[in-house]
Amino acid sequence: MSLTRFFRFLCMAPATRILKCDVQAVVFPQGTDQPTVSSQDTHDALRTAADHLLSGNTVVFPTETVYGLGALALDDKAAAKIFETKGRPPDNPLIVHVSSMSMLQPLLPSDYTFSPAYQVLMKRFWPGALTFLFPRNADVVPTIITAGQPTVAVRMPSHPIARALIAVAQAPLAAPSANISGKPSPTRAEHVHRDLDGKVAYILDGGPCGVGLESTVIDGLHPDGDIRVLRPGGVTVEDIEQALRQDMSDKTTIPRVLVHKRDYADETIEAVPTTPGMKYRHYSPAVPVTLLLTQSQSKTIPFQDYIRNLLQNPTPSSAVKIGVLAPTDSRIWDQLSSIVQQVEWHRHDLGPSDTPPVIAHRLFDGLLSLEQRGVDMMLIEEVLEEREGLAVMNRVRKAAGDTVAVHF
Ligand code: TXA
Ligand code: MG
């Protein structure tokens, strides 16, 4: 690109404005679908963002899981801007976000009725980090949203700013994570700004996201009635199972909860990118990530030998700055201090290994902040695949280009 064209390009790129929102100022009074907003600035930010969306543009907003890049879900030209902005492959379907049950109804065929399991799970986890597949009303939901599939994925976010924005716009919003395709999902407004500056007009800043990784995506539409977890996420499999056990009135028809790749395989969905990472690169920072398996029983090498070996090899022997993500109680931390030559360690504590929600909350934040600190590579220690740990390891495996089994 010539210098003149480059400057013209710079001038034409819209300036991104970050609008601070006060999360505490937004409340949905019991039994209502409309928010009350007690801060004038937050009220104005929501109005500005809603108007921008209603003119067919994209806006970034916080959700309880990760920041989302939103556009009108029922307007195919607006939704197309999401794909353009993120560089998202067109065959990767989007989640539709609603603020009320009445906003959900028109998206579904008029003769569709919720299964008892769906009723229990919606009651227990909405608003929240659980996304359901529903049959789509093809007259209402554009093909671009579902990538041509007969189902539409929908969730009602619990984050006050997300839910209020949808309610103020009075329109369902399609919103993938607000990152360039393939990168870790943003959990703070500054992560989004680094990735999408100049590509969106507004980022609503509601502070750090509570959950820190994306919603759980479930499919309960199969004739056997089982709940298939396409993507583990913020709502744990254990909590879904417990809700079904406790709240289904007919205890003889409680469905099984099956996790894709752990409990079942499905060649049809593996052939198309219906869940993140099945076809495309995902969650990868700009530098290589290695997963350290520390629970393996066989073929492990001493961690010290692994590092020594790493530093001897021509690539990445230049990796003098190494980012390390591990639980607070990991034995890795003691080992780092004894390897001082050639390495500058950048530590990111994931939190105590027995508090998986904390680990989930800190994972993407860690990948993105270590990337920002300019490390040459990252090491992530595996965590137990229980509760939120299942979603953590799902993301870590996709982020890591390399896996090595070590012992300390
Ligand atoms: O927490 C979240 O879910 C965040 C926030 C912003 O709400 N959104 C999010 O969107 O993670 P995205 O696009 O990054 O991931 C949604 C995934 C898609 O990659 C797709 O694989 C799956 O949900 N999905 C969407 N529609 C589907 C469908 N009809 N069938 C199967 N999977 C679907
Ligand atoms: Mg994503």
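1. Arg256 is exposed, at 53% relative accessibility. This is a predicted model. The cut-off for exposed is over 50%, so Arg256 qualifies at 53%. Its salt-bridge partner is Asp226, with the closest N and O atoms 2.8 Å apart. Arg256 sits in the loop between helix H9 (237-247) and strand S13 (257-259), and Asp226 in the loop between strand S11 (216-219) and strand S12 (227-231), so the bridge ties together parts 30 residues apart in sequence. Asp226 has a relative accessible area of 5% and is buried.

2. Asp349 belongs to strand S17 (residues 344-349) and Arg362 to helix H13 (residues 356-372); the two are 13 residues apart. Asp349 is partly exposed at 33% relative accessible area. Arg362 is partly exposed too, at 30%.

3. Glu385 and Arg397 meet in a salt bridge at 2.8 Å, N to O. Glu385 is in the loop between strand S18 (377-381) and helix H14 (388-399), while Arg397 is in helix H14, so the pair ties together parts 12 residues apart in sequence. Glu385 is partly exposed, with 36% relative accessible area. Arg397 is partly exposed as well, at 42%.

4. Some are linked: Lys183, Asp195 and Glu371 make up a network of salt bridges.

5. Now the domains. The chain is divided into domain 1 (11-205) and domain 2 (289-407). Their C-alpha centres are 33 Å apart. In domain 1, 9 residues are in contact with 6 residues of domain 2.

6. How much area is buried between domain 1 and domain 2? The figure is about 690 Å², and carbon and sulfur atoms give 55% of it. Pro184, His191 and Arg194 supply 58% of the area that domain 1 buries against domain 2, more than any other three residues.

7. The polar side of this interface deserves a check. The rule finds 2 salt bridges across the interface of domain 1 and domain 2. It also finds 4 residue pairs in polar contact there, both residues at pLDDT 80 or more. The side of domain 1 that touches domain 2 divides into 3 nonpolar, 3 polar and 3 charged residues.

8. One further salt bridge pairs Arg188 with Asp365, whose closest N and O atoms are 3.1 Å apart.

Definitions and conventions: Residues numbered from 1 in each chain as written. Chains lettered and ligands numbered in written order. Predicted model: local features only at pLDDT ≥ 70, side-chain atom pairs only at ≥ 80, totals over all residues. Heavy atoms only, no water. Salt bridge = Lys/Arg side-chain N within 4 Å of Asp/Glu carboxyl O. Helix = DSSP H or I, 4+ residues; strand = E, 2+ residues; numbered from the N terminus. Buried < 20%, exposed > 50% of the residue type's maximum accessible area, 1.4 Å probe, protein only. Domains from an automatic or database assignment. Contact = heavy atoms within 4.5 Å. Buried area = accessible area lost by both parts, 1.4 Å probe. Polar contact = N/O pair within 3.5 Å; in protein donor to acceptor, adjacent residues only side chain to side chain. Nonpolar A, V, L, I, M, F, W, Y, C, P; charged D, E, K, R; others polar.
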